[in-house]
There are 2 protein chains.
Amino acid sequence: MIDYSILVKSPLFGGIPEEECRALFSKIHYQVRKFEKDAIIVQGGEEVTNLFVVLSGSVRGEMIDYSGKTVKIEDIEAPRPLAAAFLFGKENKFPVTVTANKKSELLAIPVVEFLKLLQLNTRLLRNYLNNISTRAQFLSQKLHFLSFKTIKEKVAHFLLQQAGDRFHSFELKNTQQQLAELFGVTRPSLARVLGEMQNENLIKIEKKTVTLLDKQGLNSLLKNG
Amino acid sequence: MIDYSILVKSPLFGGIPEEECRALFSKIHYQVRKFEKDAIIVQGGEEVTNLFVVLSGSVRGEMIDYSGKTVKIEDIEAPRPLAAAFLFGKENKFPVTVTANKKSELLAIPVVEFLKLLQLNTRLLRNYLNNISTRAQFLSQKLHFLSFKTIKEKVAHFLLQQAGDRFHSFELKNTQQQLAELFGVTRPSLARVLGEMQNENLIKIEKKTVTLLDKQGLNSLLKNG
DNA sequence: GGCAAAATGTACCAATTGTTACAAAATGAT
DNA sequence: ATCATTTTGTAACAATTGGTACATTTTGCC
């Protein structure tokens, strides 16, 4: 049996009254599967044919590298859905192997049945679309940032974004070390670039205060990439 | 009026019979808007309240940088949809300003109405979900690639992924130029690295056939990053 | 104020990648 | 088969970044 009071706390079914939820599930086929600790729920690479929602317990996703060793881990607790972004699209395979951290219950809804649900309930449809869209937008933004090749470009982009419409001066909230990690570069390399940009009279740094001396010039760094 | 013979050639409405399409649109509110050459269709930053589909003509998306100048351009011809990935989610603003390249007609469907359509027609729902999911998966994959710092790591990862559980030999379906773009590096740099990896007896390339000589070694490139 | 710890500025050299250019090889069309 | 086009291999040099080390400055705390 599904505990609807938990289900409606999930991102997907949030905002849907329990009664409505119960009515929805009476119209489709689904399964509640129980897994013991360390049971494998899905193998990475398997085709995604069901939407899984963790109803109780906790599961973990493990990346398996090419030599067969476990690499990264992400825990998924109730009542979160599992690989919701891989239900559709060209590459609808599980990117990770999922294992139960402890005794767990998972709701399994076949894709066709989930499609029916989406068409029956507007709130669910909105939830799901918002969920995968937000994810796509997040990825897109992150990618945009990484698309800048040189450290100078990254710094220029970061500073212009931070400044926004404000004045030319503002406070840095991060240390160079933190910024270096954000940009994916080493700390001395970042320091060197900051130094260069000061010599070129693009910016001025005093303690934690950054002043953009030449917004025009900073922009041209981005364009001529 | 909508020319349904064109609409059903779009990614969204593909596979839906014209008659069915006509019936669908009789149930919702929508507009067909005409734009003269160089007319602004949407401003970047505006909230996305409509799904736009180019019915005739051609439009272009222009990025506006921080100083207010146009940067990048992407052309969208009929019958492609416009910013379909930004209809939902947290940041549902247009990332670009869209302008008409020439006299154009655009179908404008308010978000609420589009939701109705999705619930009325399973094929349309599948099309749309596949569309944005594929996009998200593409972004995700690309991001993963960029997380590897050296070209060697990227190549090792790519080759091991392509090979999968198959034999050690397989056919490359992409040119070096395409791979270089996928990796975000230049073509000669990629060629050099491929050469080095052959000298180190990690791989062998003959025409389009790649043979992985040392999977172990390729793996260790990824781990010791 | 004085002191330890953290953060920053710099310097040097190695490693990696980009840039440009050109030749060889493969591909496709006639 | 031949020719034009695309793809690939390779080289030399420039530019960028990483790695390491150390001095200096700033910060936080007593």
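Analyst: Start with A:Ala83, which sits in the loop between β6 and β7 (97-100) of chain A. Keep in mind that this is a predicted model. The backbone of A:Ala83 has a positive phi of about 55 degrees, although the residue is not a glycine. The cut-off for buried is under 20%.

Now look at another loop. A:Asp38 is also not a glycine, and it has a positive phi of about 70 degrees. This residue lies between β1 (31-35) and β2 (40-42) of chain A. With a relative accessibility of 43%, A:Asp38 counts as partly exposed. The cut-off for exposed is over 50%.

Next, the peptide bonds. Which residues does a cis peptide bond join in chain A? They are A:Ala78 and A:Pro79, and omega there is about -5 degrees. A:Pro79 belongs to the loop between β5 (70-77) and β6 (81-82) of chain A. Turn to chain B. The bond from B:Ala78 to B:Pro79 is cis, with omega near -5 degrees. B:Pro79 is in the loop between β5 (70-77) and β6 (81-82) of chain B.

How do the two chains relate? The same surface serves both copies, since 93% of the contact residues of chain B recur in chain A.

Finish with two helices of chain B. Helix α4 covers residues 122-147, and helix α5 covers residues 151-163. At what angle do they pack? The angle is about 135 degrees, and the axes are 9 Å apart. Angles over 145 degrees would count as roughly antiparallel. The pair α4(B) and α5(B) is therefore oblique. The crossing of α4(B) past α5(B) is right-handed.

Which residues meet there? From α4(B) come B:Gln141, B:His144, B:Phe145 and B:Leu146. From α5(B) come B:Lys154, B:His157, B:Phe158 and B:Gln161. Sorted by class, this contact has 3 nonpolar, 4 polar and 1 charged residues.

How values were computed
Residues numbered from 1 in each chain as written. Chains lettered and ligands numbered in written order. Predicted model: local features only at pLDDT ≥ 70, side-chain atom pairs only at ≥ 80, totals over all residues. Heavy atoms only, no water. Contact = heavy atoms within 4.5 Å. Axes fitted to C-alpha atoms, helices over the stretch in contact; angles between N-to-C directions. Helix = DSSP H or I, 4+ residues; strand = E, 2+ residues; numbered from the N terminus. Parallel < 35°, antiparallel > 145°, perpendicular 65-115°, else oblique. Left-handed = near helix turned anticlockwise from the far one by under 90°. Nonpolar A, V, L, I, M, F, W, Y, C, P; charged D, E, K, R; others polar. Buried < 20%, exposed > 50% of the residue type's maximum accessible area, 1.4 Å probe, protein only.
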